[in-house]
Amino acid sequence: MYLISSCLCGVNCKYNGGNNLNSECLELVKEGKAILVCPEQLGGLNTPRIPAEIIGKAEDILQGNSNSKIITKDKIDVTSEFLKGAQETLKIANLYNIKKAILKEGSPSCGVKYVYDGTFSSNKISGMGLTAKVLRENGIEVIGDTDFGRK
């Protein structure tokens, strides 16, 4: 059983109200092999919503470093909502004994190999989103959507 970012299966939960449909991920859902989650919605954020990016690193947020946070483009701190979403996602993963997750690259929640740099200028940097980091730290293999199907 997989945990999959809902946006990858056509659910309109992206910050802009759209989705990132990935037909291979959708096939897993149709086969009954996946559970969908949107950490941002689980954390209480609306859809659509103002885009958010990580300033610093997910691991620093988890360690309580106040210099690292997740902010919206209009400078609102939404770190607590992203933390709640990551914890709720982990609860769901544990309920279903999930061992693998396929997550949307670039997202401040779900990025596996990269996230955006916090400047809202479309610059990508190496790093993980908050939910991806929480899942990995709890023994769940996280796979970015750009790598899914290549393993």
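Mentor: Helices here are DSSP runs of H or I with at least four residues, strands are E runs of at least two, and both are numbered from the N terminus. The model is predicted: local features need pLDDT of at least 70 and side-chain atom pairs pLDDT 80 or more, while totals for chains, interfaces and linings use all residues. Residues are numbered from 1 along each chain as its sequence is written, and side-chain values use heavy atoms, leaving out hydrogens and water.

Trainee: How many helices and strands does the protein have, and what pattern does it follow along the sequence?

Mentor: Five helices and eight strands. Read along the sequence, they give β-α-β-α-β-α-β-α-β-β-β-α-β.

Trainee: Why is Ser-109 called buried?

Mentor: Buried means under 20% relative accessible area, exposed means over 50%, and partly exposed lies in between (1.4 Å probe, protein chains only). Ser-109 has 0% relative accessibility, so it counts as buried. The residue sits in the loop between S5 and strand S6 (114–116). Contact means heavy atoms within 4.5 Å. Leaving out residues up to four places away in sequence, Ser-109 touches Pro-39, Glu-40, Phe-82, Gly-129, Leu-130, Thr-131 and Ala-132.

Trainee: Why does Gly-106 count as buried?

Mentor: Its relative accessibility is 7%, so Gly-106 counts as buried. Gly-106 is also in the loop between S5 and S6. Its C-alpha lies 7.4 Å from that of Lys-124, 18 residues away in sequence.

Trainee: Which class does Lys-33 fall into: buried, partly exposed or exposed?

Mentor: Partly exposed, because its relative accessible area is 41%. Lys-33 lies in the loop between helix H1 (23–30) and S2. Beyond four places in sequence, Lys-33 touches Met-1, Tyr-2 and Leu-28.

Trainee: How do you know that H5 is largely enclosed by the rest of the structure?

Mentor: Six of its eight residues are buried, so the helix is largely enclosed. The buried residues are Leu-130, Thr-131, Ala-132, Lys-133, Val-134 and Leu-135. Just after H5, Gly-139 has a positive phi of about 85°.

Trainee: What makes a set of residues a nonpolar core?

Mentor: Buried Ala, Val, Leu, Ile, Met, Phe, Trp, Tyr and Cys residues form one when side-chain atoms within 4.5 Å join them. The largest here has 17 residues; Leu-3, Ala-101, Leu-103, Leu-135, Ile-140 and Val-142 have the most contacts inside it. Strand S2 (34–37), helix H4 (79–95), strand S5 (100–103) and helix H5 (130–137) each supply at least two of its residues. Apart from it lies another core of twelve residues, including Ile-4, Cys-7, Cys-25 and Leu-28.

Trainee: Which residues does Val-142 contact, leaving aside neighbours within four places in sequence?

Mentor: Ala-101, Leu-103, Val-112, Met-128, Ala-132, Leu-135 and Arg-136.

Trainee: What share of the whole protein is buried, and what share of contacts joins residues at least 24 apart?

Mentor: Of the 151 residues, 47% count as buried. Among contacts between residues at least 6 apart in sequence, 60% join residues at least 24 apart.
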